[in-house]
Every structure is written in structure tokens, then in C-alpha cells.
Amino acid sequence: MNEKLKAFERLLTIMDELREKCPWDKKQTIESLRYLTIEETYELSDAIMEKDMKNIKKELGDILLHIVFYARIASETKTFDIADVINSLCEKLIHRHPHIYGDVKVENEEQVKENWEKLKLKEGNKSVLGGVPVSLPAMVKASRIQEKARAVGFDWDNQDQVWDKVNEEIQEFKAEVDTKSSKAKMEDELGDVFFSLINYARFIDINPEDALEKTNKKFIKRFQYLESETAKAGKKLEDMTLAEMDEYWNKAKGI
């Protein structure tokens, strides 16, 4: 524990020195750091997807730097400092884990989530969904909305019901396409298809964001194989037929 405290103290000292002496660090504001923090978060996400522990450690450090940086900036106007941030977090964790720090009994993870959402409402949240960030990517946001609704009992009974809903939404979307409906109506129905598929993924314990990202990476790998192999053969993709490209694509599937 002592070594961890020393490491954190060292980071705070370096942050103070950079803020006071470095022209770039002196110029930063909470607003200017925002987009950089978002970028660092995505870089951490990439490292996690690649199971690259070395880079996970590095990206965690970058995010920790940002947290310390925000707190240092806020301390200059006496709004809050890093101690306030940490103490506030500790109090919240203790309050929201009465099964650890109180006399509440829970049987499983689902009951923990249910208690968490109920406590947030007692803390002043007007809606269970109020804590879902507006700027989250749509797929992640849909997952969080569904998880929070489930925590207060608003959910399907079983996955077969959800799969029926998926098929129903697909048929409704297809009907709008077949009748050459307006783009707005087709978009609305396609959104329902995505939302129901994300819901089904939740029921079978698959993270839809991870699943789609793996497919993205798979497509990139195969397409880049297609590009490199056709180039080796002296061909250009724009001059090839789809059938010719399919030959290379099928070879890429075996890699």
C-alpha cells in the first residue's frame, strides 16, 4: 500500500510541476481536455479488445493523468481537488453497496443492480434512465438503457419472447422497404430492429458492441488481404468483377 501511495503522490507532484512550468499544460482547460479524454478512452478500449496488457497499462495511465489534470485545474478556482474527487467516490461506493457496508442481504448480481438503481432514484435522479450519458455511441447507449430498465423489473421474461420481437421488427422494416415508404419510416423501423437485436444479445450474454467490433476487424483483415493479393497479381480492384474478388475473399476466410 505504501508503494502505491508514493506512486500517486509522485504523479500529483509531477502534475503540479507541469501545470506551473510547461507552456502546453498551463494553457489547458477542462473544455480543451475533453476531446483528448474521449480519444484516450477509445485507445484503452482498443487495447482491451486486442487483449494487449502492456497497452492497457499505458492507456490506464493516460486516463489517470487526465483525472488528475481535471482535478488540478478545478483546484485553482477552489471548486474541488483530487481529494474531493476520491472522497466523493468513496462515499458513493459505500452508500451504493449496503450489502457490504450495511445490513442489506443480496443473493446475486441482479439484486445488486436493482438496489443500485433504487438508491440512485433516492439520491434525486428523476428517471432510471437519467444516468445514461447523452453522448454515448448509440449501440452502447441502447445496451445501458436496457440494462437500467431491467434493473427495475421492466423486461421480457425469456429470450424466446425477445427473438419473436426481433423477427416482428424485421418484418415491419421489410414491409416499409417493400412499399417504398419514406426514408424516415424505414429509418424508424431499422432502429427498432437494431434495438431488438441488442436486447436479444443481452439475453444470451453477448456484448453487441464487442461482437460488431470483432466483425469490423475481421472484415478489415480480409479486405486488406484482398487488396494485397490482387496487387501481387497485378490487378486493380476497380477493374475486377465481383466474382473475381470473391475468389480472393474466400481464400481470406481460411486465414
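Let's start with Cys90. At 36% relative accessibility, Cys90 counts as partly exposed. Buried means under 20% relative accessible area, exposed over 50%, and partly exposed lies in between (1.4 Å probe, protein chains only). Cys22 is partly exposed too, with a relative accessible area of 22%.

A word on the source. This is a predicted model, where local features need pLDDT of at least 70, side-chain atom pairs count only at pLDDT 80 or more, and totals for chains, interfaces and linings use all residues. Residues are numbered from 1 along each chain as its sequence is written, and side-chain values use heavy atoms, with hydrogens and water left out.

Now helix α1. Helices are DSSP runs (H or I, at least four residues), numbered from the N terminus. Helix α1 covers residues 2-21, which makes 20 residues. At 1.5 Å a residue, α1 should span 28 Å. That expected span is 1.5 Å times one less than the number of residues. The end C-alpha atoms of α1 are 29 Å apart, which agrees.

Which residues of α1 are buried? Leu11, Met15 and Arg19. They cover an arc of only 65° around the axis, so they sit on the same side of α1. The arc is taken from the directions from the helix axis to the C-beta atoms. Turn to the other side of α1, and Glu3, Glu9, Arg10 and Lys21 are exposed.

Next, the surface. Leu64, Ile67, Phe80, Val85 and Ile86 form a nonpolar patch there, with about 340 Å² of accessible area together. Accessible areas come from the Shrake-Rupley method with a 1.4 Å probe; for residues, only the protein chains shown count as cover. Patch residues have over 30% relative accessible area and no salt bridge; like charges are joined within 9 Å, nonpolar side chains (Val, Leu, Ile, Met, Phe, Trp, Tyr) within 5 Å. α4 (53-75) and α5 (82-95) each supply at least two residues of the patch. Phe80 lies in the loop between α4 and α5. Phe80 is partly exposed, with a relative accessible area of 30%.

On to charges. Side chains of opposite charge can pair when their charged atoms come close. A salt bridge is a side-chain nitrogen of Lys or Arg within 4 Å of a carboxyl oxygen of Asp or Glu. The whole structure has 17 salt bridges.

Take Glu50 and Lys217. Their closest N and O atoms are 3.0 Å apart, in a salt bridge. Glu50 lies in the loop between α3 (30-49) and α4, and Lys217 in helix α11, so the pair ties together parts 167 residues apart in sequence. Glu50 is partly exposed at 48% relative accessibility. Lys217 is partly exposed as well, at 30%.

Lys217 also meets Glu213 in a salt bridge (3.8 Å, N to O). Being four residues apart in helix α11, Glu213 and Lys217 are separated by about one helical turn. Glu213 is partly exposed, with a relative accessible area of 24%.

Elsewhere, salt bridges that share partners join Asp16, Arg19, Glu20, Arg72 and Glu76 into one network. Inside that network, the side chains of Arg72 and Glu76 meet at 3.1 Å, N to O. Is Arg72 buried or exposed? Arg72 counts as buried, at 17% relative accessibility. Glu76 counts as partly exposed, at 38%.
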